[in-house]
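Have the structure open while you read.

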Amino acid sequence: MPGHPVSASAVEQVKQDVQQLEELFDQHDVVFLLLDTREGRWLPTVLGASKRKLIMNAALGFDTYMIVRHGMKCSSADAAAIDTGLKGSLGEAIPGSQLGCYFCNDVVAPGDSTKDRTLDQQCTVSRPGMSMMVSALIVELMVSVLQHPDG
């Protein structure tokens with residue numbers, strides 16, 4: 001994780017963990033992220049973008065939440081078949097193949113966001129009821145994406 005040093009004794013274990021994570025990405029079509037920190041979401045988001053996997057990200061705050069569908073580049077043949085001239089009620093629609101990942105336009109590099117934070121500020125996944133509600137919403141978003149004609 002960016003901002004978290006790896007000791008020399010843990011290097012081999014970290015390499016094995018990353019290899020296992022890559023294998024899991026290869027075996028699945030959709031990856032759901034419900035992690036406490038921005039830096040925790042960084043590697044899975046980058047792996048998903050590189051492997052062209054649909055990433056569904058849930059981020060919980062103290063009293064808020066955010067669910068994001070990350071962009072996924074499609075092949076040039078698929079991109080040519082998608083009509084980018086769709087108009088919605090808010091103007092021109094952005095095709096899913098042109099959506100960026102969570103970190104593409106971020107001006108702050110991922111770092112150790114848990115340093116000098118209290119426990120309730122560090123762990124947001126355990127918010128009573130919130131994680132279950134957000135999980136249901138993110139599954140609904142995934143179904144909507146997969147059922148949409150343009151994906």
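Predicted model: local features only at pLDDT ≥ 70, side-chain atom pairs only at ≥ 80, totals over all residues.

In α5 (130-147), the buried residues (under 20% relative accessible area with a 1.4 Å probe, protein chains only) are Met130, Ser131, Val134, Ile138, Met142 and Val145. They sit on the same side of α5 because they cover an arc of only 100° around the axis, going by the directions from the helix axis to the C-beta atoms.

Residues are numbered from 1 along each chain as its sequence is written, and side-chain values use heavy atoms, with hydrogens and water left out. Helices (H or I, at least four residues) and strands (E, at least two) are DSSP runs, numbered from the N terminus.

## What α5 packs against

The buried residues of α5 pack against β1 (30-34), β2 and β3 (65-69). Over in β2 (54-60), Ala58 is in contact (heavy atoms within 4.5 Å) with residues including Val134 and Ile138, leaving aside neighbours within four places in sequence.

## The nonpolar core

A nonpolar core here is a set of buried Ala, Val, Leu, Ile, Met, Phe, Trp, Tyr and Cys residues joined through side-chain atoms within 4.5 Å. The largest one has 10 residues, among them Val30, Leu54, Ala58 and Met130. Its largest share, five residues, comes from α5.

Methods: Buried < 20%, exposed > 50% of the residue type's maximum accessible area, 1.4 Å probe, protein only.
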